[in-house]
Amino acid sequence: VETLIKSLEKDTEYIKVANGDIFQGGYASNVTRGRIFIDVLNEMDFDCFVIGNHEFDWGLETISVYNDGDLSNGEADFPFLGANIVYKSSSTRPDWIDEYTIVENNGLKVGIIGVIGEGLTSSILAENVENYKFLDPVPIVERLATTLRKDEDCDVVVVATHEYSSKTNQKYAGLYNDARIDAILCAHTHEKVNETLIRTDDYKIPVLQSNTKNITVGTINLTLTNGDITKKSITHYYPSNYSSSTNVLDIIKNYEDIILEGEKVVGYTSTYLSKSSLGNIAANGMVEFTKCDFACLN
């Protein structure tokens, strides 16, 4: 991905958003609790990270260390966003999570509001989200978009939401005047999305989502003339078409022992294992190992 980004940035610098669920998907990330990806995102100069449901997999406090000022345990060079993530007890956000960030790009100020889908608490282990609740993001986005335009003088306002919901996106499209939204970045469903929504002033809001497992990386390009967006486009790129980055490979080498540990062979089979047969093997293995009466597998 870094090689792809560098090829895109030959002519102009891009704003880079990691839209959640970045810390899951591999053995090395589980063992390091996402530290390996913090190092990689820092190397690629990401501008912000939106909290997704899988960032709760080890308990949200686990990744808070990447924004505590202590370099010894890893530190993100970018803010974590989650404007609608609050404690149940106080309805206040964790102090290490921001509502938005402002990035200056090609002489323009771009405000990025980060939120998570209100209903995604059901996608998280109950005990890991029992102290939190996700508020309805739409009124929060409306308030923050107005703040970004009126108080922060932003030229462009973007919503980065860890969710893909046509119903919620339509509500964002319904915001108007100073609360209007210029682009929507989606996540969670891992689908490739390239579409537009009609805003109240007939402007077509670009809506982007990239595929799962780094199959694609998506960009939104906006051109402003006299303060108005006159051109816009969405493009998906395929990182597999680009060579590996030596800088990222050097980071991976630092975790080589952990990666090799995760590739250890634990058994062999001479027959094909389908999803259903693997499920049965795993469930039976849990019964045998724990001496329980039955086991179920998600």
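Asparagine 106 sits in the loop between β6 (100-105) and β7 (108-116), where helices (H or I, at least four residues) and strands (E, at least two) are DSSP runs numbered from the N terminus. The model is a predicted one, in which local features need pLDDT of at least 70 and side-chain atom pairs count only at pLDDT 80 or more, while totals for chains, interfaces and linings use all residues. Residues are numbered from 1 along each chain as its sequence is written, and side-chain values use heavy atoms, with hydrogens and water left out. Asparagine 106 is not a glycine, yet its phi is positive, at about 50°. With a relative accessible area of 56%, asparagine 106 is exposed; here buried means under 20% relative accessible area, exposed over 50% and partly exposed in between (1.4 Å probe, protein chains only).

Another positive phi turns up just after α3, at aspartate 45, with a value of about 60°. This residue is not a glycine either. Aspartate 45 belongs to the loop between α3 and β2, and its relative accessible area of 55% makes it exposed.

Aspartate 47 is found in the loop that runs between α3 (35-43) and β2 (48-50). Aspartate 47 and valine 17 are 30 residues apart in sequence, but their C-alpha atoms are 6.0 Å apart in space. Once neighbours within four places in sequence are set aside, aspartate 47 is in contact with Tyr14, Ile15, Lys16, Phe78, Pro79, Thr101 and Val103, contact meaning heavy atoms within 4.5 Å.

Now for α3 itself. Its buried residues are Ile36, Ile38, Val40, Leu41 and Asn42, and the buried residues of α3 pack against β1 (17-18), α2 (27-32), β2, β3 (80-81) and α8. The axes of α3 and helix α8 (residues 246-253) come within 10 Å and cross at roughly 160°, so α3 is roughly antiparallel to α8. Axes here are lines fitted to C-alpha atoms, for helices over the stretch in contact, and angles run from 0 to 180 degrees between N-to-C directions. Angles under 35 degrees count as roughly parallel, over 145 as roughly antiparallel, 65 to 115 as roughly perpendicular and the rest as oblique. The crossing of α3 past α8 is right-handed; a crossing is right-handed if the near helix is turned clockwise from the far one by less than a right angle, and left-handed if anticlockwise. On the α3 side, Ile36, Asp39, Val40 and Glu43 meet Asn247, Val248 and Ile251 of α8. By class, this contact of α3 with α8 has 4 nonpolar, 1 polar and 2 charged residues, where Ala, Val, Leu, Ile, Met, Phe, Trp, Tyr, Cys and Pro count as nonpolar, Asp, Glu, Lys and Arg as charged, and the others, Gly among them, as polar.

Pro137, Val138 and Val141 of α6 make the contact with Thr168, Lys171 and Tyr172 of α7. Sorted by class, the contact of α6 with α7 has 4 nonpolar, 1 polar and 1 charged residues.

Glutamate 163 lies in the loop between β9 (156-162) and α7. Its relative accessible area is 15%, so glutamate 163 is buried. Not counting residues up to four places away in sequence, glutamate 163 touches Gly117, Glu118, Thr168, Cys186, Ala187 and His188.

Histidine 236, in strand β14 (residues 228-237), also counts as buried, at 14% relative accessibility. A polar atom of its side chain lies 2.8 Å from the backbone oxygen of glutamine 209.

Finally, arginine 93 is placed in the loop between β4 (85-87) and β5 (97-98). Arginine 93 counts as partly exposed, at 28% relative accessibility. A polar atom of the arginine 93 side chain lies 2.5 Å from the backbone oxygen of isoleucine 97.

How values were computed. Polar contact = N/O pair within 3.5 Å; in protein donor to acceptor, adjacent residues only side chain to side chain.
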